[in-house]
Amino acid sequence: EVEDSGRVAVETGKMIYFTSGVENLHGALKVERDSSSEQDGGTTIPRRLAIAMWYVFHESLEEFVPTFQASAASEEEATSSLGGLKPRKVYDPNDPNAPKELFTLSIPDRIDISSLFQSAGAYLVSQQNKPLAGSWTISQYGEDTLHVLFKDHSAMFSLDFGVALIEATSHAKASVVVERHTDGSRAASLQYMLQESVLLHGLLDYLSNVILNESSGGAEEEYVGHEMEKARDALPARRAS
């Protein structure tokens, strides 16, 4: 199983510190319950209060802080309006740490996204020691996102399952969004770029087999094949023949 290795329970007085590279992408999960709401019959809206601060040695290293864009309530409303799918993430164009989208892969409506997520995770775990032992580290973030970190820590990529397509088609409304992450201060290494392509080409082969396993053929098969080729064309290296 894919291990969620980065979840830390909240506790009064606890401090957490870690290196700031792509090996430690971090964030806070949604607040599901507030102990004070139990005392007033559940009328209090769960919330989180936090003060973020950090120290840098030079202004060029200063952390980019995006403006607050949406409340939890509006996010839930957006998800509800999309039939339970997640809205596509929007990044500030001025953020040097914003990830680069590699491709968006449409998933036919008949495919269960949760099952596909588990299958993709199992495949990636099976490949984590290629080309050498310890080449990749696979971790789960939240319920439907996978982080795939390369051993040199120059970059990683993520797979976000269940994202609503900007324009739904007759075959699909949901997608998997694949993004590359760096720490903003250096580019991904040449070795990373090569191995990223090798791993993602293999994953696309695997997902194609899973999706088309019970396909009735015809238009859907042609649609899936087209989507797979678009994804391959976005990778920095071609598939080995």
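The lining of the second largest pocket in this predicted model is made up of 3 nonpolar, 3 polar and 5 charged residues.

**Stop 1**

Select R88, E101, T104, S106, L165, I166, E167, T169, Y223, E227 and K230, which together line the second largest pocket. Two elements, β1 (100-108) and α5 (218-233), each give two or more residues to this lining. Colour those two elements to see where they meet the pocket. The space inside the second largest pocket comes to about 180 Å³.

**Stop 2**

Which of the two is buried? E227 is, with a relative accessible area of 5%; a residue counts as buried when this value is under 20%. K230 has a relative accessible area of 43%, so it counts as partly exposed.

**Stop 1: helix α5, another pair**

Now select E229 and R232. They too form a salt bridge, with 3.7 Å between the closest N and O atoms. Again the spacing is 3 residues in helix α5, so E229 and R232 are about one helical turn apart. E229 is partly exposed, its relative accessible area being 40%, whereas R232 counts as buried at 7% relative accessibility.

**Stop 2**

R238 counts as exposed, because its relative accessibility is 60% and the cut-off for exposed is over 50%.

Next, select K86, K89, D144 and D160. Salt bridges with shared partners join these four residues into one network. Side chains of opposite charge can pair when their charged atoms come close. How many salt bridges does a search of the whole structure find? The search finds 12.

**Stop 3: S197 in helix α4**

Select S197, which is located in helix α4 (residues 190-212). Is S197 buried or exposed? S197 counts as buried, because its relative accessibility is 1%.

**Stop 4: a nonpolar patch**

Show the surface and select V8, I16 and F18. These residues make a nonpolar surface patch of about 270 Å². Of this group, V8 lies in the segment before α1 (35-39). V8 counts as partly exposed, because its relative accessibility is 44%.

**Stop 5: the whole chain**

Clear the selection and return to a cartoon view. The chain has 5 helices and 5 strands. Followed from the N terminus, its elements run α-α-β-α-β-β-β-β-α-α. What share of the 241 residues counts as buried? The figure is 34%.

Terms used: Residues numbered from 1 in each chain as written. Predicted model: local features only at pLDDT ≥ 70, side-chain atom pairs only at ≥ 80, totals over all residues. Heavy atoms only, no water. 1 Å grid on protein atoms, 1.4 Å probe; cavity = no way out; pocket = protein on both sides within 12 Å on 5 of 7 lines; lining within 4 Å. Points joined across faces, edges and corners; volume = space filled by probe spheres on them. Helix = DSSP H or I, 4+ residues; strand = E, 2+ residues; numbered from the N terminus. Nonpolar A, V, L, I, M, F, W, Y, C, P; charged D, E, K, R; others polar. Patch = residues over 30% accessible without salt bridge, like charges linked within 9 Å, V, L, I, M, F, W, Y side chains within 5 Å. Areas by Shrake-Rupley, 256 points an atom, 1.4 Å probe, with all protein chains shown as cover. Salt bridge = Lys/Arg side-chain N within 4 Å of Asp/Glu carboxyl O. Buried < 20%, exposed > 50% of the residue type's maximum accessible area, 1.4 Å probe, protein only.
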